[in-house]
Amino acid sequence: MSAVDIDLRLVRKVYHKGRMNITVLDGLDLSIEGGDFAVIMGPSGSGKSTLLHLVGGLDSPTSGSVRVGDAHLERMSERELTAWRSRHVGFIFQMYHLVPVLTAAQNVELPLLLFRMSSAERRKRVETALEIVGLKDRMDHRPNQLSGGQEQRVAIARAIVTDPDVIVADEPTGDLDAKTSTEILQLLSLLNSEFRKSIIMVTHDPRAAGFGKRLLHLDKGVLERDERHTHPVQPVAV
Amino acid sequence: MPLPLSYTWRNLLARRLSSGLTFLVVAVVVFVLSVLLSFAAGMQASLKAANSPVNIVVLKAGASAESTSIIWDDEVTPLAQTPGVATNESGGQLLSRELSVQAPVPRRTDLSRKANVPVRGVDDIAFGVHPEVRITEGRSFVQGQMEAIVGRAARGRFANLEIGDQIALGRQVNRLFRIVGVFEANGSALESEIWAPRTVLTDSYRRTFASSVHLRLSAPSAMPAALDYVNGPSVQLRGKREGEYYEDLNKKTREIVYLASILIGIMSVGAAFAVANTMYAAVDARRREIAMLRTIGFARRSVISIFMIESVLLTAIACAAGLTCAAYLGGMKQDYLSDKTWTVFAFELKMTPQILAICFAVATTVGVIGAVAPAGRAARTRILDALRKA
Ligand SMILES: Nc1ncnc2c1ncn2[C@@H]1O[C@H](COP(=O)(O)OP(=O)(O)OP(=O)(O)O)[C@@H](O)[C@H]1O
Ligand SMILES: [Mg+2]
């Protein structure tokens with residue numbers, strides 16, 4: 001699948017808490033080219049996760065438009081968004097959210113269960129995805145038999161197994177030590193350069209930010225800075 | 001494509017205690033239900049009533065079945081004066097004193113398990129009182145001899161009841177009766193019995209009384225007067241039309257079935273609550289997992305079906321376990337009941353396909369109903385709230 005553009009126009013997101021209105025994003029404009037690796041940084045509560053959720057179709061803007069490829073997310077119903085997510089987005093979270101009773105391979109297979117696909121085809125895809133993240137030999141391990149870094153790799157395999165257009169990662173290295181973080185970031189970088197996946201990643205770690213091609217600073221719902229790295233950290237094969 | 005069965009199964013195992021308790025509750029409900037239904041089915045089969053409009057069954061006042069009735073010889077004497085009693089060719093009154101006892105006989109299906117078969121001691125006059133009883137193979141027994149005849153249904157169900165076989169009847173081990181014939185009785189309950197000479201049987205069982213007296217009248221029109229007399233002051237016993245006797249037994253069965261159904265209904269509601277409780281616990285423990293599944297594209301109805309399948313799998317397995325226990329204990333249950341009123345008949349706990357179907361339907365319904373609310377809660381999980389750090 002070819003990389004798709006992401007385009008946010010005048011996006012407002014307001015939460016209602018009791019009688020209080022919390023404006024998290026206030027008229028945000030943002031374009032991300034297909035194949036980019038955008039890193040979003042900013043203080044806690046600045047709306048980074050909210051922005052990711054809008055791009056990933058997990059939430060809808062209060063006003064404004066969110067376009068990912070041909071899809072106008074703000075016009076889609078909850079049901080349509082659910083179906084859209086299964087085909088177009090891969091999610092990676094700080095907590096890996098693996099199903100504890102399933103093996104690594106079964107966890108990776110989960111998103112494929114929503115497709116019409118033979119079990120042989122699913123198996124092939126699962127193996128490929130696990131191979132990319134370097135865990136082919138751990139296919140039959142359960143999450144509690146894996147280290148945190150390995151769990152996150154399984155989660156990444158799950159995110160890429162459907163071959164999505166966009167990968168959305170919210171503090172993917174937040175729970176990992178420096179060395180493991182580097183490995184995960186190199187993996188994301190590889191997915192971006194080799195497999196042409198558009199990636200949007202939120203992080204608090206300036207070192208992690210160095211792996212992106214573009215760095216965005218969000219503060220109080222407003223894009224403060226937007227820098228392009230001319231020399232992002234080069235991916236190293238893992 | 002549903003989630004793999006191992007997902008459902010391991011999730012049930014993951015909450016062993018909660019799932020186990022619910023499993024137990026549902027299994028007990030199914031066990032009781034299946035025993036009740038097979039009991040009813042068995043009774044129905046054996047109560048294909050003898051219903052002669054000219055026959056009266058006389059029991060001790062207060063007894064509802066022959067096996068719990070005790071009639072002393074001097075109590076029988078006034079019955080000879082009953083108006084309208086028919087006579088046979090040789091002028092004998094069609095009045096039959098009968099003794100009802102039981103003997104353990106191995107089943108055909110499982111020789112190691114014995115069930116109590118009703119045994120009836122009768123004089124020759126009984127064949128006049130119960131003209132539907134016909135010898136179809138061999139011959140009838142000779143009074144005073146250690147001989148017996150078996151009903152067709154009894155022979156079909158139990159082992160070692162062929163002509164020429166010997167069967168121990170009574171308290172003494174050496175009391176072996178030889179089987180000399182097979183009889184039919186229009187498919188009525190009598191066909192589930194073994195018949196032997198009354199005096200020999202009385203001796204064998206060391207009984208000094210009879211269980212019942214059967215009278216045959218010359219015409220149905222004689223019935224009211226005969227019943228008036230039997231139930232009047234000169235007789236200390238209680239007489240019923242034969243059909244009424246069986247109806248009363250049937251009615252008791254129906255009453256028991258009815259009361260037990262209410263009990264089972266209440267138990268099923270309890271079971272549904274147990275299921276709901278277990279599934280709520282499952283849903284609450286897996287909020288993040290549900291949110292993750294929704295995130296990667298599982299629809300609300302998929303989430304609902306995850307918990308429905310889990311619940312129904314649990315209740316279906318519990319159902320299988322309950323049925324297995326019922327089938328296993330079926331024999332014991334009957335032997336236990338054999339000393340009670342009900343076992344005048346060689347009825348068995350009959351496990352029919354319908355009963356299996358009903359039990360699975362009830363278990364599944366309990367599983368579905370119990371899971372509705374928890375699955376609904378699961379489907380309403382707010383993805384972003386659930387995904388957020390603890
Ligand atoms: N469902 C909600 N209801 C009300 N307020 C919310 C909700 N979700 C987020 N918020 C508020 O929106 C603001 C932005 O939240 P968001 O999670 O996007 O921040 P963030 O930049 O990701 O922060 P962090 O770095 O801590 O993850 C916060 O003030 C938060 O309290
Ligand atoms: Mg956040």
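How many residues surround ligand 1, and which are the closest? In this predicted model, 14 residues surround the ligand, and the closest are Ser44(A), Gly45(A), Lys48(A), Ser49(A) and Thr50(A).

Now look at which chains take part. Residues from chains A and B surround ligand 1, so the site is shared between chains. Within this shell, the largest share comes from helix H1 of chain A, which spans residues 48–55 and gives three residues. Sorted by class, the shell holds seven polar residues, four charged ones and three nonpolar ones.

Next, zoom in on some individual atoms. In the side chain of Lys48(A), an N or O atom is 2.7 Å from an oxygen atom of ligand 1. Ser49(A) also takes part through its side chain: one of its polar atoms there lies 2.7 Å from an oxygen atom of the ligand. With Ser46(A), look at the backbone instead, where a polar atom is 3.3 Å from an oxygen atom of ligand 1. On its own, ligand 1 has 630 Å² of accessible area, and the protein covers 75% of that. The space that the ligand takes is the largest pocket.

Finally, step back to view chain B. This chain is divided into two parts: domain 1 is made of residues 5–48 together with 251–388, while domain 2 covers residues 62–235. How far apart do the C-alpha centres of these two domains of chain B lie? They are 44 Å apart.

Methods: Residues are numbered from 1 along each chain as its sequence is written. Chains are lettered from A and ligands numbered from 1 in the order in which they are written. This is a predicted model: local features need pLDDT of at least 70, side-chain atom pairs count only at pLDDT 80 or more; totals for chains, interfaces and linings use all residues. Side-chain values use heavy atoms; hydrogens and water are left out. A residue is near a molecule or strand if one of its heavy atoms lies within 4 Å of it. A polar contact is a pair of N or O atoms within 3.5 Å; within protein, one must be able to donate a hydrogen and the other to accept it, and residues adjacent in sequence count only if both atoms are side-chain atoms. Accessible areas come from the Shrake-Rupley method with a 1.4 Å probe; for residues, only the protein chains shown count as cover. On a 1 Å grid over the protein atoms alone, a cavity is a set of points where a 1.4 Å probe fits but cannot get out, and a pocket is an open set with protein on both sides within 12 Å along at least five of seven lines; lining residues have an atom within 4 Å of a point. A molecule sits in a cavity or pocket if more than half of its atoms lie within 2 Å of its grid points. Helices (H or I, at least four residues) and strands (E, at least two) are DSSP runs, numbered from the N terminus. Ala, Val, Leu, Ile, Met, Phe, Trp, Tyr, Cys and Pro count as nonpolar, Asp, Glu, Lys and Arg as charged, and the others, Gly among them, as polar. Domain bounds come from an automatic or database domain assignment.
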